Amino acid sequence: MTAAPERVGLEDFELHSPVRPKNVLEAMRREAERHKALLGEGRTLVPNRYTVGLSAYDHRRWAPHATQLAQDLAVHQAALIADQAWIVYGDVSVEIFVLEDLDTGTFRVAALLEPDPPPLVSFGDEAVATLVSAEGQVWPLSAGLTVLGRDRQSGVRLRDPGVSRRHLILEAADDRITLTDLGSHNGTRVNGHPVATVDLRPGDVIEVGGTHLTLRSAT
């Protein structure tokens, strides 16, 4: 019986590049920290997809091992996420590509939530609250998670250029609705104040981009 091949460590590749995998992994950790979103019951959501941009020179040096390096970086990042007891939607993945505008020895890491969190994870058909726009449009909120953003899969989809694709999450649970900004470009305000995460009350006004939404109780 043939033994399974031993996984190559991140620093065991002969890359001949000033960009080291351990530095990329540290940047991925920082991106996860920067984009983490606090959900209810002490849960923390972090991105599951990471992209690594390299200069043309460094990409040529990484290219012979790029597939294995991407897999190993994903495994290490998944282990970090598990150690921190964070949660992700979907498997952790890493993509390595060339960015022509980067200088040799520099790199760029970005983090994304993909696939999108489900638009609505419902534990019942009955709405527990509604969001009402200034124009009178109404979105019912059921128990569970609702993503608000421009993306077509969002439970609350807004066609507002100032709103990010996945702008924020609303979690309705235990008679409480918690808003968590997902690292949106323009941020989120509630009653005129910038917020990262906050418990909402009926009558609160959520401001995203140029859109104002008022939370109303369902009764």
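**Figure 1. Contacts of threonine 104.** Leaving out residues up to four places away in sequence, threonine 104 touches Pro18, Ser55, Tyr57 and Asp58 (contact means heavy atoms within 4.5 Å). Threonine 104 sits in the loop between S4 and S5; strands (E, at least two residues) and helices (H or I, at least four) are DSSP runs numbered from the N terminus. Its C-alpha atom is separated by 8.6 Å from that of serine 17, 87 residues apart along the chain. This is a predicted model, in which local features need pLDDT of at least 70 and side-chain atom pairs count only at pLDDT 80 or more, while totals for chains, interfaces and linings use all residues. Residues are numbered from 1 along each chain as its sequence is written, and side-chain values use heavy atoms, without hydrogens and water.

**Figure 2. The largest nonpolar core.** A nonpolar core is a set of buried Ala, Val, Leu, Ile, Met, Phe, Trp, Tyr and Cys residues joined through side-chain atoms within 4.5 Å; buried means under 20% relative accessible area with a 1.4 Å probe, protein chains only. Of the 23 residues here, Val24, Met28, Tyr50, Trp62, Val94 and Ile96 touch the most other members. Two or more residues each come from helix H1 (21-35), strand S3 (49-54), helix H3 (66-83), strand S4 (93-98) and strand S5 (107-112).

Figure 3. Six strands in the order S7-S6-S16-S15-S12-S13 form an open sheet with antiparallel pairing (strands pair if DSSP finds at least two bridges between them). Strand S7 (138-142) and strand S13 (193-195) are the edge strands. Three bridges join S12 (residues 188-190) to S13, and valine 190 has histidine 193 as its bridge partner.

Notes
Buried means under 20% relative accessible area, exposed over 50%, partly exposed in between (1.4 Å probe, protein chains only).
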